[in-house]
Each structure stands twice: as structure tokens, then as C-alpha cells.
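Have the view up beside you as you read.

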Amino acid sequence: MQSTTLVDEFEHYSTWREAVYVRVEVLRDWLDAQELGDAESEMRLNQLLGRLQEDTLNVAFVAEFSRGKSELINAIFFSDYRQRVLPSSAGRTTMCPTELYFDPRHRPSLRLLPIDTKIREGSITDFKRDLDAWTEFPLNLDSAEEMSTTLMRLADTINVDASTAEAFGLINPGDEETAHSLARNGSIAIPRWRHALINFPHPLLKQGLVILDTPGLNAIGTEPELTLNMLPNAHAVLFLLAADTGVTRSDIEIWRQHIAPVQGTSRARLVVLNKIDGLWDELKTPAQIDAEIAKQVASSATLLDLPQSQIYPVSAQKGLVAKVRGDAALLVKSRLPELEAALTQELIPCKQALVSESSQAAVEDVVIKTTELLETRLATIQDQVDELQGLRGKNRDVIQHMMIKANDDKEQFERGLEQFNALRNVFATQVDTLRQQLGMQALRHQVHLTRQAMEKSHFSVGLLEAMGHFFRQVDSNLDGSAETIKEIRAMMTAMYRKFSDEHGLAAVNPPDHSLHKYHKEMARLERIFDERFNTVFKMLTVGQSQLTARFFETLASKVVQVFGLANSETESWLKALIAPMETQVREHKLQLKRRLESVSRIHAATETLDERITELDASIGTVSDQLDSLSRINLSIADALADVPNKPALARMA
């Protein structure tokens, strides 16, 4: 069955990732053993190893309720269990956003975040770090029935009064259906849980697959983290429609507001037209049924402004039944294999290509820098050999003159070092300025001030002014940081050129660094906030105020996360900027010292020319062997990284 192919593709990806990990580890350990590494190279390789080890593939299933998301997840990923793992039946079975993953450090379980955390400070990411905030139910893997019963808790609801539901941001008191429900019994049913985490040892989840199941427009709209973090971070989004309802107004709203705007070559978006078995009619011919399905696909494609080829009609329910019963004909009729083929052939190769690209960049930087160091060392030693061979047959006066010249070169370089140390002081001052501009402490203080301003305002105009000031301050910090980065790079470029001209050090072009992507992310966050809250109302209701506060907490958490990434990347750049200079200075100083010692020993007749030349020839052999070993290690990594299929077209449509 196609699901086996999907598992095989995941296993191939995991095997490939492990092969890359092992070879990068060999490079790191070899550099350490040969004493060729530095702090910056070690950090780059350790970061890469960490990313390879913790790599995940996130797939989000998004739709209004009752579109069959849970059934599709069961059909694609869990049919081997011969029954439904996620609850799936008529009506709403998943009342809160649900993540499925596997963490071997914790027991298999269902963890549920109570709905009342919506009025507490903190985002879902924050609560994930607070184990006590969750209600946990262990999963009995030996009993499918017990496991199914436990997972039915995802559908739990509680009855609350209007003020409580409004405070949670879950109802609009002006909504007609809500008003009818409240008029009948004075209460309304809301989800018991805000978020669910299922830790489950499925083969695909073990290999890094993470599944996000979202329960409809209302949950997406009232849970800012879905909009700001989870959906944009998904490597693939499967958007479900239902053939029995067609494309509804809320379907279009979800698509336009939350899925279509998510851009980037790292993401695939697949639209699934589910429940086509509702169009199966025994009084129609297969050709007529196919024509009806094609008509639904064409209509959906037009409404979503997509090519028809990007919409996959399926019957998740029949596909699951077919897999459980081993009914090959029904499986083909369900059209599920075509959707699974898209996931298999598009999603995983795209992810693999992205990981390969980032891994190659990190390894290349380290290998090029180390190769330049070894080639410089080799050239310097060869110069010493040539210099000593030129002394054959020369008298002591010539040797003494060479010794004086070697000493002069050493002293001139030491004067250059004084300039280098003065530069380092200027560099340190500019780095301090940059760290203040990008500083997390200043950002958190700005978040605190904005939160206070928002809490004091009961009017939308005051809220928008506070948020506007917050974003202007963030943008100003990024702008100032970008200017400082330009100044630092210009200074280092001039210093590299000076040392190259005056002392013969290898020419180095300092790496570029841009904060542009963080500017773009800030603009995206500000745009989301404006679109969500730049409304015509003036006085905020309790529910609107709570939702706005919660949205800001999530947004602020995201801004802090973005600045954290910007800080980390900038610190890595600063090390990459100064490390080659420090390495070259250290190497040149060492070689000058050895040259002077060599000539001095020969002048003092404590060592013959031939002995010293033999010693240097041995050093040339050692460095040549190191270059060969580095080349072989690099080639083995390149061979592993090259085992990547061409990046598929589907991933580029986003």
C-alpha cells in the first residue's frame, strides 16, 4: 500500500540524515584532534549537529470542523493499528488544536491544557515549559480500546455562562446562534481544553514527523499562536474541504486569512477535497461520478484561485476502511493513494533538499577556512625551505644578515599586532553597541511598557497606538543594528586588506550579514495584528480585551523569539568575522618565530642546514597529509548530501 511507501520514504530520509550527522561528527572530531579548529568552527558544526539531531517535519491539517481531518490523519498515518487512533465520528470530535509527536524522554500520553489558561499570562509555547499546567493521561499501547477511550477526551466540553465564554474569547454575544443557546438554558458549551499534546510511538513520529490538527476557524481566530507560529512554521499544510458542503464562506476565510498568506519555498500547500464517497451514486455510471467529482474540483480551484492539479479529491473514511480490510479496489476508488503519493514525492524530498542546502553551507564555510589555514602554513614552510636552501655554501655573514632580516620581520609584525589589538578594542566597542541595539533586556522592557499601556486602555485607538509604538521601537532597533553591522564589516574589510598588503597574509573577504529577514518577520507580525484588530469598534468588550491581551502576549513571545534568533545569528557572524584574522595572526606569528629560531640555530652552528631542511620537509608532508584527509572527509560529506532528489515543483508553489 502507498502508506508503506510513505513510511519507507521517511525511513530513507532518517537514514540519510543519520549518515550526514555521522560524517559531520567525523569532521568536527578530526579538526579537534589535529588542533585545527577554533571556537567559531566548533560552534558552527555543533549547531549543525544539533539541528540534524532535533530535525522535525511538521504537517498541519487545517479545516472547518466536520471536514474529516482526524479521519484523514487516521487513514494516512495510523491505518496499521487496524482502527481509529484519533476519535472520528459525526459532529465535532477534536475541540482543540492537537499536536501528535514522539519524545522518547517521556511516556506515551495525552496532555491537555485547560481552557482557563486563556485568561492567564503566557502563550502555548510558554505553557509547554510548565509541566504542571497540563492534565496528563497515560496511553495504554497494549489496549487499543483504552487508548481510544483516553483520546475521546479531545472532544470534552464544559457548560459556562456568557461572561466566562466571552472572557475566554470564544463567543461573540451578538451572534444569533449564541444568543439562542444562552436564551434556552443560560449557558453555552465550550471546549474543556485549550491545546492537546499526544506523545505516541508511531514509526513516522519516531522519525521526526509532527502532526498538527486544528479544529476550525473559531479556534484559529482565538488562538493567536496558530496564526503567528504553528501554521507559518509547518513544512506542509493540508487544507481540507468537504464534497458534501462545497467551499463555504468560512472555508474561504480560513484559506485567505491563514493559509494563502503563508509563503516560502520550504512549505507545500495541498488542498484536499474530502468525502467524495458522498458523490458515489449507484444509479450513476463511474464516468458520471468522475465527472461530478471533477466538477467539484474545478469549482473549488476557482474559488481558491488554484490550478485544479493542486486539489486532491479523496474519501478518507473509505481509504481507512480499505486499508484495514485489505480491499485494494476500494483503496483505489478512495483516491487516497494519489494524495499519499504527493506527500511522499513532494514533501519529504523538499525537506531533505532544504536540510542538505543548510548543511552544505555550514560545512563548506568550515572546510574552506581550514583549507586556507593549511595552504598558508604549507606556503610559509616552503618559503623557509627555499630560504634555507639558498644558504648552502654561504658564509656566516650572509646567515647573520638573514637572521637580522627575520628579526626585523618579526618586530614589524609585532608593531602590526599593536594596531590589531587597537582594532580589537574598537571592534569590542562596536559590538557592545550592537548588543545593546539587539539586546533582549531592552526588548523585554519595551514589551513590559507596551503591556502596561494596553492594560490602561479600554479603547481600540489606545491599544493600536501602544502596539504601533512597540513596532516602531523594534524597527528602530533593527535599523540601528543594521547600520552598526555595516560599520563593523567595513572596518574589518580594511584591516584584512592592510594585513594582507603589509604582511602577506591570505586575502579574506569578511562574510556579509543582513537583518533583512528579521525586518520582514516583524512586518509580517505587524500586518497580522493590524488586520486582526484595526477594526471600527471604539470601546473594547471584555472578550475583545482578553483576546487582544492574549494576542499581544503571543505576539510579544514571537518577537522575543525572533530577536533571540537575530542575536544568535549575529553573534555567530561576529565570531566568523574576527576568527579568520585571529587564526591568521596566530599562525603568522608562530611561523615567524620558527623561522627566526631556525636561522639562529644555524648561525650558532647548533644545527646543520640539512637537518633543518629535513625537519621542514617532514612538516610539509604532515600538512599535505592533513589537506588530503580534510579533502577526503569533505568529499564523504558531499557524497552524503548529494543523495537528494531534485526539489519538487509543489513546494515552490507556496
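1. Ground rules. This is a predicted model, where local features need pLDDT of at least 70 and side-chain atom pairs count only at pLDDT 80 or more, while totals for chains, interfaces and linings use all residues. Residues are numbered from 1 along each chain as its sequence is written, and side-chain values use heavy atoms, with hydrogens and water left out.

2. The cores. A nonpolar core here is a set of buried Ala, Val, Leu, Ile, Met, Phe, Trp, Tyr and Cys residues joined through side-chain atoms within 4.5 Å; buried means under 20% relative accessible area, exposed over 50%, and partly exposed in between (1.4 Å probe, protein chains only). The largest such core has 89 residues, and Leu27, Phe61, Leu72, Phe77, Ile198, Leu238 and Leu339 touch the most other members. Helix 15 gives the most to this core, 16 residues. There is also a second, separate core of 50 residues, with Leu423, Met467, Ile485 and Leu525 among them.

3. Leu27 up close. Setting aside neighbours within four places in sequence, Leu27 is in contact with Leu45, Val363, Val367, Leu630, Ile633 and Ile637 (contact means heavy atoms within 4.5 Å).

4. Helix 5. Helices (H or I, at least four residues) and strands (E, at least two) are DSSP runs, numbered from the N terminus. In helix 5 (residues 144-151), Met147, Thr150 and Leu151 are buried. Seen down the axis, the buried residues fall within an arc of 95°, so they line one face of helix 5; the arc is that of the directions from the helix axis to the C-beta atoms. They pack against strand 3 (109-114), strand 4 (135-138) and strand 7 (193-199). Glu145 and Thr149, on the other side of helix 5, are exposed.

5. A cavity to look at. Which residues line the second largest cavity? They are Leu36, Gly37, Asp38, Ser41, Lys369, Thr370, Leu373 and Thr583. A cavity is a set of points on a 1 Å grid over the protein atoms alone where a 1.4 Å probe fits but cannot get out, and lining residues have an atom within 4 Å of a point. Helix 15 (residues 336-389) supplies the largest share of this lining, three residues.

6. Two loop residues. Lys275, in the loop between strand 10 (268-274) and helix 12 (286-304), has a positive phi of about 65° although it is not a glycine. At 26% relative accessibility, Lys275 counts as partly exposed. Arg335 also has a positive phi, near 65°, and sits in the loop between helix 14 (328-334) and helix 15.

Note on methods
On a 1 Å grid over the protein atoms alone, a cavity is a set of points where a 1.4 Å probe fits but cannot get out, and a pocket is an open set with protein on both sides within 12 Å along at least five of seven lines; lining residues have an atom within 4 Å of a point.
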